[in-house]
Amino acid sequence: MADGVTAPEYPRFVADDASGRTRDKILFQLKKKGPQTASALARRLGVTPMAIRQHLYGLSEDGLVDFEDERHRVGRPRRVWRLAAAAQSEFPDSHADLTVELIDAMARAFGQDGLDRLIVERTRAQRARYRAQMPANDAPLPKKVAALAKIRRDEGYMAEWSKDRDGSYLLVENHCPICAAAEVCQSLCRDELQLIRSLLGRSVRITREEHILVGARRCAYRIEPR
């Protein structure tokens with residue numbers, strides 16, 4: 001993974017004891033890296049597989065994780081763990097309920113056209129705020145992608161970036177803190193894609209390869225120099 005990654009953004013229920021912290025780290029890893037085996041989690045966290053399994057079964061009883069046994073031609077099935085839907089509430093949601101209520105109220109008060117104008121204004125202010133934190137337009141593309149990832153990470157998107165062998169870049173957002181709002185106002189997602197394009201410039205082509213709103217576990221943007 002490329003440089004510039006800051007401290008992990010663990011779930012909001014972090015406990016005081018070591019056992020609670022391990023549970024939180026397991027949820028963080030499943031959120032950030034996707035479904036994994038207990039052995040893979042153990043390697044990442046430096047804990048024994050037996051201890052990880054104990055935590056996983058406890059999290060399963062709490063309804064925060066579930067699993068699927070993958071069968072192969074030979075050997076025992078491999079148990080792969082993933083976050084359950086209930087675990088999403090343990091991560092930042094930017095006051096989702098209030099946001100959804102406000103969007104509904106604005107749509108009723110101003111109509112869809114009025115709501116769209118408000119979203120455009122919100123994106124304009126967001127773009128100005130981002131530009132103030134971005135390097136100059138003529139800066140190398142990796143520097144701009146890294147800066148954008150940091151901005152998004154600071155806003156709770158659990159963002160990271162990497163460079164592939166073909167020379168393209170991948171900007172990944174493992175969490176969407178505005179997901180509830182975007183579900184009722186999908187122009188937010190449309191404008192966010194345009195926002196990224198405007199910040200990285202005309203010299204790149206940007207494609208959204210994964211999208212939380214259509215069922216993916218994360219949003220992922222492919223950035224290719226033209």
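Me: How many cavities of 30 Å³ or more does a search of the whole structure find?

Reply: On a 1 Å grid over the protein atoms alone, a cavity is a set of points where a 1.4 Å probe fits but cannot get out. Grid points are joined across faces, edges and corners, and a volume is the space filled by probe spheres set on the points. Here the search finds two cavities of 30 Å³ or more. This is a predicted model, where local features need pLDDT of at least 70, side-chain atom pairs count only at pLDDT 80 or more, and totals for chains, interfaces and linings use all residues. Residues are numbered from 1 along each chain as its sequence is written, and side-chain values use heavy atoms, with hydrogens and water left out.

Me: What lines the largest cavity?

Reply: Lining residues have an atom within 4 Å of a point. The largest cavity, about 80 Å³ in volume, has 13 of them. Cys-176, Cys-189, Glu-192, His-211 and Cys-219 lie nearest its centre. Helix 7 (187–200) and strand 7 (219–225) are the elements that give two or more residues to this lining. Helices (H or I, at least four residues) and strands (E, at least two) are DSSP runs, numbered from the N terminus.

Me: Which residues lie nearest the centre of the largest pocket?

Reply: A pocket is an open set of points with protein on both sides within 12 Å along at least five of seven lines. The largest pocket holds about 480 Å³ of space. Its lining has 22 residues, and Lys-31, Gln-88, His-175, Ile-212 and Arg-217 lie nearest the centre. Helix 6 (179–184) is one of the elements that supply at least two residues. Helix 6 gives the largest share, three residues.

Me: What is the strand order in the open sheet of four strands?

Reply: Two strands pair if DSSP finds at least two bridges between them. The order is 4-5-7-6, with antiparallel pairing. Strand 4 (159–163) and strand 6 (204–210) are the edges, each pairing on one side only. Strand 5 (169–173) and strand 7 are joined by five bridges. Look at Val-172: Ala-220 in strand 7 stands opposite.

Me: Which strands does helix 7 lie across?

Reply: Contact means heavy atoms within 4.5 Å. For angles, axes are lines fitted to C-alpha atoms, for helices over the stretch in contact, and angles run from 0 to 180 degrees between N-to-C directions. Helix 7 lies across strand 5, strand 6 and strand 7, at about 150° to strand 6. Helix 5 (141–154) lies across strands 4, 5, 6 and 7, at about 160° to strand 4.
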